[in-house]
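Student: I would like to go through this model term by term. Please set each value against its definition.

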Amino acid sequence: MPPGVIATMVALLGAAIITILGARFAVDGDFAAHMWIFTAGFVAGIVWLMRRYASGAPADDRETYANDVVRAGVIASMFWGLAGFLVGVVIALQLAFPDLLYFPDLPFTNFGRLRPLHTSAVIFAFGGNVLIATSFYVVQRTSKARLFGGLLPWFVFWGYQLFIVVAATGYLMGVTQGREYAEPEWYADLWLTIVWVCYLLVFVGTLWKRKEPHIYVANWFYLAFIVTIALLHIVNNMAVPVSFLGVKSVSAFSGVQDALTQWWYGHNAVGFFLTAGFLAIMYYFVPKRAERPVYSYRLSIVHFWSLIFIYIWAGPHHLHYTALPEWAQTLGMTFSIMLWMPSWGGMINGLMTLSGAWDKLRTDPVLRMLVVSVAFYGMSTFEGPVMSVKAVNALSHYTDWTIGHVHSGALGWVGYVSFGAIYCLVPWLWKRERLYSLKLVEWHFWISTIGILFYITSMWISGIMQGLMWRAYNEFGFLSYSFVETVEAMHPYYIIRALGGALFLIGALIMVYNLWRTARGDLRAEAGNTPLVPAAAE
């Protein structure tokens with residue numbers, strides 16, 4: 001067994017002993033439960049290493065590229081994606097039919113605990129695994145170098161899954177900081193920091209030993225995503241534990257400073273996790289699938305530098321009409337409007353990459369999904385700056401319009417570009433001639449597209465209606481509608497939203513079946529179903 005593997009096992013054993021002691025002396029039951037989860041994760045890591053290296057180094061360790069860890073990332077992405085989509089449908093049904101899905105004796109089923117479970121599952125579990133898997137794949141091919149660090153990429157993968165499990169179980173138990181997109185408590189945040197630093201080392205180390213002198217633009221976007229998320233995570237989660245053997249902690253910030261820090265983090269989690277990282281996917285997989293070069297490499301560089309500079313300043317637009325100083329609110333609004341230019345520059349670059357290949361959209365539903373994702377990116381990055389304008393924000397904020405906006409980006413942009421990338425990756429990684437069925441991809445595309453349209457249009461109508469009802473006054477200066485009346489008016493739109501989410505989930509289930517049959521090596525006889533990219537080329 002290689003010395004590095006033995007050293008890793010010893011380190012995992014030491015970590016397991018520490019967490020066992022933490023569970024033994026914990027001051028509350030939730031902390032003890034999480035320490036036992038960490039212990040189980042570390043012990044499972046030791047068992048996995050023993051099984052993997054029991055008969056010598058596996059074949060993947062001797063290949064040009066590390067593909068096993070990318071395959072694992074694809075599987076984890078789809079698993080967590082289905083879990084997150086399912087919880088989303090459940091909480092949508094809870095809002096539409098609260099009496100039907102209310103279980104007072106089962107607090108972990110309540111909306112207040114399932115909602116952060118849904119958002120974290122789809123953003124960090126599904127989206128995060130997609131980003132890790134695709135970044136590991138892309139950086140190797142564009143650098144012509146194997147992933148740096150030996151077992152370090154596997155530590156990043158398994159360490160990230162352990163963080164997801166700890167975070168998810170914490171939400172269900174009610175362990176939370178109460179910070180949007182940053183709910184896990186201090187010990188989970190520390191563990192994620194260790195994993196994320198190792199992720200950065202793997203990525204930078206691979207770029208450092210590259211055989212290709214040029215750093216392809218997708219890698220710049222991946223690098224910006226990794227570095228900025230590290231900065232955001234560390235600053236936003238600065239906290240002092242009440243006890244080092246308990247779950248609770250106190251934020252280092254308070255009052256309006258805490259709110260500004262939270263939304264500096266929250267908006268840039270959207271900007272760098274859900275935008276920059278997935279733009280990296282666009283810049284690799286759209287040209288690869290279309291078999292065309294990027295429309296303008298110069299525009300991609302302008303897109304990169306302008307986007308990362310402007311985006312970091314846009315967070316205060318979440319705090320219009322609050323105690324935040326007026327100049328800070330205006331600054332956030334101004335930079336949000338400026339984001340139109342780089343965002344649409346990237347959208348145009350992605351769409352124009354299909355110049356000379358538009359005919360492929362008729363026959364290739366995977367490419368169609370990738371291109372529609374870019375269109376949703378353009379729509380969302382138009383709507384976002386509009387909603388940041390104070391006069392518009394006065395109507396839209398705290399309403400379902402915001403929910404519709406978020407999901408047009410999450411389902412249409414992030415979801416579709418992720419699905420398209422995974423549809424490309426599975427035949428390449430499992431060395432199959434093509435996907436099992438392009439007809440099933442067609443079904444997935446149309447069912448989920450109808451679901452997205454149901455979702456976002458119902459929320460747009462519901463949100464604007466909410467805002468108008470909340471600000472309606474009668475001739476005596478009193479509110480025309482009570483809050484309960486606005487909730488009652490939203491009921492049909494909540495049913496439509498739940499239907500849209502269910503259709504999106506059904507599309508994802510079709511995708512999982514298609515990918516499973518592809519990995520098995522099955523081929524469905526279909527007219528015009530040609531190979532994607534010869535396996536030997538990958």
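Student: What does the accessible surface of the chain come to, and what share belongs to carbon and sulfur atoms?
Tutor: The accessible surface is about 22900 Å². Carbon and sulfur atoms hold 73% of that area. Areas come from the Shrake-Rupley method with a 1.4 Å probe, and for residues only the protein chains shown count as cover.

Student: What are the ground rules?
Tutor: The model is predicted: local features need pLDDT of at least 70, side-chain atom pairs count only at pLDDT 80 or more, and totals for chains, interfaces and linings use all residues. Residues are numbered from 1 along each chain as its sequence is written, and side-chain values use heavy atoms, with hydrogens and water left out.

Student: What makes the radius of gyration agree with a compact globule?
Tutor: The rule is 2.2 Å times the number of residues to the power 0.38, taken over C-alpha atoms. For 538 residues it gives a value near 24 Å, and the chain has 24 Å, so the two agree. The C-alpha trace spans about 80 × 65 × 45 Å along its principal axes.

Student: How many helices and strands are there?
Tutor: The chain has 17 helices and two strands. Both are DSSP runs numbered from the N terminus: helices are H or I with at least four residues, strands are E with at least two.

Student: How do you know that the span of H3 agrees with its length?
Tutor: The expected span is 1.5 Å times one less than the number of residues. For the 29 residues of H3 (residues 68-96) that is 42 Å, and the end C-alpha atoms are 42 Å apart, so the span agrees.

Student: Why is H3 called largely enclosed?
Tutor: Buried means under 20% relative accessible area, exposed over 50%, and partly exposed in between (1.4 Å probe, protein chains only). In H3, 21 of the 29 residues are buried, so the rest of the structure largely encloses this helix. Across the chain, buried residues make up 56% of the 538.

Student: Why is Ser408 called buried, and what is it in contact with?
Tutor: Ser408 has 0% relative accessibility, so it counts as buried. It lies in helix H15 (residues 400-429). Contact means heavy atoms within 4.5 Å. Leaving aside neighbours within four places in sequence, Ser408 contacts Phe376, Met379, Ser380, Glu383, Trp413 and Ile456. Phe376 is 32 residues away along the chain, with a C-alpha separation of 6.7 Å.

Student: What makes Lys360 and Glu291 a salt bridge?
Tutor: A salt bridge needs a side-chain nitrogen of Lys or Arg within 4 Å of a carboxyl oxygen of Asp or Glu. The closest N and O atoms of Lys360 and Glu291 are 2.9 Å apart, and the pair qualifies. Lys360 lies in helix H12 (residues 360-363) and Glu291 in the loop between helix H8 (255-290) and helix H9 (297-311), so the bridge ties together parts 69 residues apart in sequence. Lys360 is buried at 18%, while Glu291 is exposed at 52%.

Student: Why can such side chains pair at all?
Tutor: Opposite charges can pair when the charged atoms come close.

Student: Which residues are linked in a network, and how many salt bridges are counted?
Tutor: Arg52, Asp60, Asp61, Asp68, Arg71 and Arg146 are linked in a network of salt bridges. The count comes to 15 salt bridges.

Student: Why is Val27 called exposed?
Tutor: Val27 has 57% relative accessibility, so it counts as exposed. It is in the loop between helix H1 (3-24) and helix H2 (29-52).
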